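Keep the sequence and the 3D view open while reading.

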Amino acid sequence: YLSGYPVLNDRGLSTLTVDNARSLSDVLVKLVALDGNTPLPVRTSFVRGGSSFTMENISPGSYDIRYQSLDTGEIFRSERFELAQAKENGGTSFGRTILTLQTVPEGKSRSAMISERDFP
């Protein structure tokens with residue numbers, strides 16, 4: 001995580017791995033909670049090109065990832081996804097999600113390019 005940024009929504013068991021292994025560009029990544037009236041960045045991290053980063057103990061809810069290529073300055077948003085957990089006999093089930101960032105031809109990505117205004 002980046003120093004000075006809050007680590008919120010930290011009362012869950014879910015994990016999210018941001019996989020940047022297929023890119024040479026370093027990225028600034030924000031996990032954004034979508035459950036309220038306004039999108040709220042709850043985690044901010046730096047992920048080097050060719051590597052990955054795992055966020056842990058994420059609370060259940062609706063999220064997206066917003067990330068900026070530090071080479072080009074382009075900013076993208078992933079599709080919305082849900083992180084859930086449920087009490088079961090003998091424990092709690094929760095998600096381990098992997099989101100892969102990759103360079104793909106325009107129009108083929110599941111990520112949408114967004115403006116700096118949408119990168120809180």
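## Asparagines with positive phi

Asparagine 57 sits in strand β4. Strands here are DSSP runs of E, at least two residues long, and are numbered from the N terminus. The model is predicted: local features need pLDDT of at least 70, side-chain atom pairs count only at pLDDT 80 or more, and totals for chains, interfaces and linings use all residues. Residues are numbered from 1 along each chain as its sequence is written, and side-chain values use heavy atoms, with hydrogens and water left out.

Asparagine 57 is not a glycine, yet its phi is positive, at about 55°. Most residues other than glycine have a negative phi. Asparagine 57 is partly exposed, at 41% relative accessibility. The cut-offs are these: buried is under 20% relative accessible area, exposed is over 50%, and partly exposed lies in between, with a 1.4 Å probe and protein chains only.

Asparagine 9 also has a positive phi, near 50°. Asparagine 9 belongs to the segment before β1. With a relative accessible area of 25%, asparagine 9 is partly exposed.

## The open sheet

β4 is part of an open sheet of three strands. The order is β4-β1-β10, and the pairing is mixed. Why does one side of β4 and of β10 lack a neighbour in the sheet? β4 (52–58) and β10 (96–100) stand at the edges with a single partner strand each, so one side of each is left without a neighbour there. On average, neighbouring strands of this sheet are turned by 15° against each other, direction ignored. The angle is taken between axes, which are lines fitted to C-alpha atoms; angles run from 0 to 180 degrees between N-to-C directions.

Strand β1 (residues 14–19) and β10 run parallel, joined by five bridges. Two strands count as paired if DSSP finds at least two bridges between them. Threonine 15 stands opposite arginine 96 of β10. Strands of a sheet pair through backbone hydrogen bonds, either parallel or antiparallel.

Strand β2 covers residues 27–33 and holds lysine 30. Is β2 mostly covered or mostly open? β2 is mostly covered, with seven of its seven residues buried. Val27, Val29, Leu31 and Ala33 point one way. Leu28, Lys30 and Val32 point the other way. In a regular strand the side chains alternate between the two faces of the sheet.

β2 pairs with strand β3 (residues 40–47) over seven bridges, in the antiparallel sense. A hairpin through six residues joins β2 to β3. Alanine 33 faces leucine 40 in β3. β2 also pairs with β5 over seven bridges, again antiparallel. In that pairing, valine 32 stands opposite aspartate 64 in β5.

## Lysine 30

Lysine 30 counts as buried, at 8% relative accessibility. Which residues does lysine 30 contact, leaving aside its neighbours within four places in sequence? They are Pro41, Arg43, Thr44, Asp64, Ile65, Arg66, Phe119 and Pro120. Contact means heavy atoms within 4.5 Å.

Two of these partners can be described further. Lysine 30 lies over the face of phenylalanine 119, at 4.3 Å from the ring centre. A charge sits over a ring if NZ of Lys or CZ of Arg is within 6 Å of the ring centre and within 35 degrees of the ring normal. A polar atom of the lysine 30 side chain lies 2.2 Å from the backbone oxygen of proline 120.

## Glutamine 68

Glutamine 68 lies in strand β5 (residues 61–69). Glutamine 68 is buried, with a relative accessible area of 18%. A polar atom of its side chain lies 3.1 Å from the backbone oxygen of glycine 73. Beyond neighbours within four places in sequence, the contacts of glutamine 68 include Asp26, Val27, Leu28 and Phe119.

## The β8–β9 hairpin

Strand β8 (residues 85–88) and strand β9 (residues 91–94) run antiparallel, joined by four bridges. Lysine 87 has threonine 92 of β9 as its bridge partner. Two residues lie between the strands of this hairpin, and glycine 90 takes a positive phi near 85°.

Methods:
A polar contact is a pair of N or O atoms within 3.5 Å; within protein, one must be able to donate a hydrogen and the other to accept it, and residues adjacent in sequence count only if both atoms are side-chain atoms.
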